[in-house]
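Subject: Structure for you to look at

Hello,

Here is the structure I said I would pass on. Please open it first and then read the notes below.

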Amino acid sequence: MNYSTYLKDYPSKDGRFGKFGGAYLPDHLIPAFEEITDAYLTICHSSQFINELRRIRREFQGRPTPVYHCERLSRSLGKCQIYLKREDLNHTGAHKLNHCMGEGLLAKFMGKHRIIAETGAGQHGVALATAAAFFGLECVIYMGEVDIKKQAPNVARMKVLGAKVVPVTTGLKTLKEAVDAAFEDYLENYKDTIYCIGSAVGPHPFPMMVRDFQYIVGEEAREQFLDMTGFLPDVVTACVGGGSNSIGMFLPFINDPVEIVGVEPLGRGENLGDHAASMTYGSEGVMHGFDSIMLKDEKGEPAPVYSIASGLDYPSVGPEHAFLREIGRVKYDVASDKEAVDAFYKLSRLEGIIPALESSHAVAYAIRRAKESGAGSILVNLSGRGDKDLDYVIENYGFEDEN
Ligand SMILES: *Cc1c(COP(=O)(O)O)cnc(C)c1O
């Protein structure tokens, strides 16, 4: 397959990546999503939008983020060279701001004055609240009461940034109920509101838009890597939750002779409920408004999932990933909690970079590959920094060499 026209060819007009994707919506929400699609497809080509997004990335987010050569880590493993794309240095400390600023700018261009979302661990909520503050938009974040208790620092951040955090008290009081509450709000308020989805998932046009806004990550990384080394990397890798940081990293390499690998969380093991490796153990289905690969329980409902990295515990994956695997362009592998924690310490001790537990999964995979291959180069998307995970890791694993 020739991938040179890939971005033009996918998704199709109705939001399909092959058989995956689409928009499975209640009738009364269809016009709202069509309005976003039409507006986006016009606005994203206007020079005003493009220039403003460029300025924001440079002056507010601190882009471009660098590519960094991990010399000490690489040497400790053998001859293979590991490089990081430092999305942890993006403003707010992770890649999520890339699509939140894009979504916020789109809201502004569409004349909407309110953006809403659900959040689980609070990372998406913080990124969106940041965008709302920047653009002067009203921001409402739905969050399960249980998660609010667990994630106090992120709740505080959202509130300091001026967002309203609405506790959701139905059902299990976690992410699923928060999604329902945010959807209800959107049903009532779509005339002046945009519902900002937190990853490359959801009904069309979100997987496409989020991908387009994250594309900058791989685009910068490809050019920076070529400048640094004169070559392309042998392997490009990133962790996969919903699939936003990975899709942005992968696509600019899609037409290159480069192996691309997405890394899913194996959690505590292979049993359903112990991991969130949707691509590895899931099957096709429709969930949250799109067709993709997902983990289901006996009733066909989204299965309970688990990962040490709360940003990765999602029972499905963006439809474009399902497609890229089907056509054989991207491979998916797994890393366990334990491997992620080992990588977390290794990168901290050998390079002075504390990675997010999500990103640690990709680092763990790179470490495994480097040991096996003994040559070549691996470029890892370091999607975020690990400050948010310190308390949890120390409480559960101590300072590693002590135990
Ligand atoms: C949310 C998050 C992820 C997972 O989300 P994707 O959409 O799969 O990228 C990965 N890394 C960090 C640091 C996150 O905050």
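Two rings of Phe, Tyr or Trp (for Trp, its six-membered ring) count as a pair if their centres lie within 6.5 Å. Planes under 30 degrees apart make the pair stacked, planes over 60 degrees apart make it edge-to-face, and the rest are tilted. Please keep in mind that this is a predicted model.

Aromatic rings

The structure holds 16 aromatic pairs. One of them joins Tyr3 and Tyr6: the ring centres are 6.5 Å apart and the planes stand at 55°, so the pair is tilted. Tyr3 counts as buried because its relative accessibility is 11%, and Tyr6 is buried with a relative accessible area of 2%. Phe49 and Phe213 also form a tilted pair, with 6.5 Å from centre to centre and 40° between the planes. Phe49 belongs to helix α3 (residues 47-61) and Phe213 to helix α10 (residues 206-229), so this pair ties together parts that are 164 residues apart in sequence. Both Phe49 and Phe213 are buried.

Some rings form a group. Phe33, Phe183, Tyr186, Tyr190, Tyr195 and Phe206 are linked into a cluster by ring pairs.

Two arginines lie over ring faces. Arg268 is placed over the face of Tyr306, 3.8 Å from the ring centre. Arg329 is placed over the face of Tyr3, 5.9 Å from the ring centre.

Nonpolar cores

Which residues have the most contacts inside the largest nonpolar core? They are Ile36, Ile115, Met158 and Tyr186, in a core of 58 residues. Helix α6 (residues 123-135) gives the most to this core, namely 7 residues. Tyr186 is also part of the ring cluster described above. Apart from its neighbours within four places in sequence, Ile115 is in contact with Ala107, Leu128, Ala132, Leu137, Glu138, Cys139, Val140, Ile194 and Cys196. There is also a second, separate core of 34 residues, which includes Ile308, Leu347, Leu350 and Leu357.

The ligand

How many residues surround the ligand? There are 16, and the closest are Lys96, Ser199, Gly241, Ser244 and Ser383. Ser383 has an N or O atom in its side chain that is 2.7 Å from a nitrogen atom of the ligand. Asn245 has a polar side-chain atom 2.8 Å from an oxygen atom of the ligand. With Gly242 the backbone takes part: one of its N or O atoms lies 3.2 Å from an oxygen atom of the ligand.

Two buried residues in loops

His204 sits in the loop between β8 (193-195) and α10. Is His204 buried or exposed? His204 is buried, because its relative accessible area is 9% and the cut-off for buried is under 20%. Not counting residues up to four places away in sequence, His204 touches Pro11, Lys13, Asp14, Gly15, Gly22, Ala23, Phe33 and Thr37. Among these, Phe33 is a member of the ring cluster.

Thr119 sits in the loop between β5 (114-118) and α6. Thr119 is buried too, with a relative accessible area of 2%. Leaving aside neighbours within four places in sequence, Thr119 is in contact with His124, Gly125, Ile141, Tyr142, Met143, Met158, Leu175 and Ala178. A polar atom of the Thr119 side chain lies 3.2 Å from the backbone nitrogen of Gly125. Thr119 and Phe344 are 225 residues apart along the chain, and their C-alpha atoms are separated by 24 Å.

Backbone details

A cis peptide bond joins Tyr10 and Pro11, with omega at about 0°. Pro11 is in the loop between α1 (6-9) and β1 (16-17), and Pro11 is one of the residues that His204 touches. The peptide bond from Arg63 to Pro64 is cis as well, with omega near 0°. Pro64 has its place in the loop between α3 and β3 (67-70).

Thr92 is not a glycine, yet it has a positive phi of about 75°. Thr92 lies in the loop between β4 (81-86) and α5 (96-109) and is partly exposed, with a relative accessible area of 30%. Lys173, also not a glycine, has a positive phi of about 60°. Lys173 is in the loop between β7 (164-168) and α9 (175-189), and at 29% relative accessibility Lys173 counts as partly exposed.

Regards

Terms used:
Residues are numbered from 1 along each chain as its sequence is written. This is a predicted model: local features need pLDDT of at least 70, side-chain atom pairs count only at pLDDT 80 or more; totals for chains, interfaces and linings use all residues. Side-chain values use heavy atoms; hydrogens and water are left out. Buried means under 20% relative accessible area, exposed over 50%, partly exposed in between (1.4 Å probe, protein chains only). Helices (H or I, at least four residues) and strands (E, at least two) are DSSP runs, numbered from the N terminus. A charge sits over a ring if NZ of Lys or CZ of Arg is within 6 Å of the ring centre and within 35 degrees of the ring normal. A nonpolar core is a set of buried Ala, Val, Leu, Ile, Met, Phe, Trp, Tyr and Cys residues joined through side-chain atoms within 4.5 Å. Contact means heavy atoms within 4.5 Å. A residue is near a molecule or strand if one of its heavy atoms lies within 4 Å of it. A polar contact is a pair of N or O atoms within 3.5 Å; within protein, one must be able to donate a hydrogen and the other to accept it, and residues adjacent in sequence count only if both atoms are side-chain atoms.
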